[in-house]
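Me: I've got a protein model open and would like to go through it bit by bit. Can you help me read it?

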Amino acid sequence: MTPLRIVHAEAAVAFGGQEHRIFKEMIAMRERGHHMEAICQSRAQLVKRLSDEGFTVHQVDMDGVPNYFKGIAAIRRILREGHFDVLNTHSRRDTVIAAPAARMAGTPLIVRTRHLASKVGSMWSYTILPHRVTTVSDAVREYLITRGVPRERVATLYSPIVPPPPIEKSTLRDELGLADTDVVVGCVAVMRPAKGHIALIDAMRTLMATRPNLHLVFIGSGSPTFERVQAYIGELGLQSRIHLMGTRRDVPNLLAGFDLFALATEQEASGTVYVEAQASGLPVVGTNVGGVSEMFRDGVSGFLVPPKDPAALQDALQRLIDDPALRSRMGEAGRRMIREEGVFSPQRLAERTELIYRKWLAERRR
């Protein structure tokens, strides 16, 4: 088949989960033989990341009213000269600039990707400007359908992870002065109220009262939640049992030092961190919100509990904390799902993306 010419547009300047997704998707699609380019703001971190990988990155500033009209003109020119089959936008700002430019340029397929679980205010960047929509979970897909996106025009494409090489020995326990016999529950998440750090502490502190070898480790930061969590731990007098490690760049190394992973999030589009934990061989405990139920197999590689249900959260944690054999079975099941089945691999994403793009292009041509 003829390779596709695809360009991604992203207005965000930071490099978070959304940008990681674009980065991994472009590499995976290029490996399948497709031509990939990107349109980013000049100060975006994606510019250097993608350029270092050999991608052509067009720099178009999109902030402010003057840049709105300049941006449409610039992107229209880029699309006409590039003869792209697909424009894929990712944020509201780049959609309202790049999608009109693509319609004027005659780009055959305009796709908008929804990465978030929060409520959408205006739907026109999903129903009017793009031809089709992709989402990072079925939960987000169903939400957009209830808001007016036709079911046949929206598809789910899970965000991928690249499993890290096996870690021979984590440095976590040496850093914290923990013994091999200590049981470590770990959580990796940016510190925001909706991530449920306080709820996890409340579920754990009762268990800690009768289990002197039980510890909780938080990886991640974010004001003012970090300071609030820190103060709460101090009020409980649990500084020696609940450890705040802040932002780290060696997350796979730290995951390898956990016995299980838990995140009591109250809002989540997908929850890729559960996938990363399973890739490290950890059983997981998650809340049934957004796309979390799609990230692991309840009762097989972890436990899914209702949100804001302290008793259910504590019970799931206790079952894994007190049963090493169950932790081992569930951890191995999750590891196989991610590493051997490749459910969330970049290759699977690229295969699905190509299939959906070609299907939608054929529909558009008809």
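Me: Which residues of helix 2 are buried?
Reply: First, a word on the source: this is a predicted model, where local features need pLDDT of at least 70, side-chain atom pairs count only at pLDDT 80 or more, and totals for chains, interfaces and linings use all residues. Residues are numbered from 1 along each chain as its sequence is written, and side-chain values use heavy atoms, with hydrogens and water left out. Helices here are DSSP runs of H or I with at least four residues, strands are runs of E with at least two, and both are numbered from the N terminus. Helix 2 spans residues 45–52, and its buried residues (under 20% relative accessible area; exposed is over 50%, partly exposed in between, with a 1.4 Å probe and protein chains only) are Leu46, Val47 and Leu50.

Me: Is Arg21 buried or exposed?
Reply: Arg21 belongs to helix 1. Among the residues it touches, leaving out those up to four places away in sequence, are His115, Tyr158 and Leu349. Its relative accessibility is 2%, so Arg21 counts as buried.

Me: At what angle do the axes of helix 12 and helix 13 cross?
Reply: Axes are lines fitted to C-alpha atoms, for helices over the stretch in contact, and angles run from 0 to 180 degrees between N-to-C directions. The two axes come within 6 Å and cross at roughly 100°.

Me: What does that make helix 12 relative to helix 13?
Reply: Angles under 35 degrees count as roughly parallel, over 145 as roughly antiparallel, 65 to 115 as roughly perpendicular and the rest as oblique. With the crossing at roughly 100°, helix 12 is therefore roughly perpendicular to helix 13.

Technical notes
Contact means heavy atoms within 4.5 Å.
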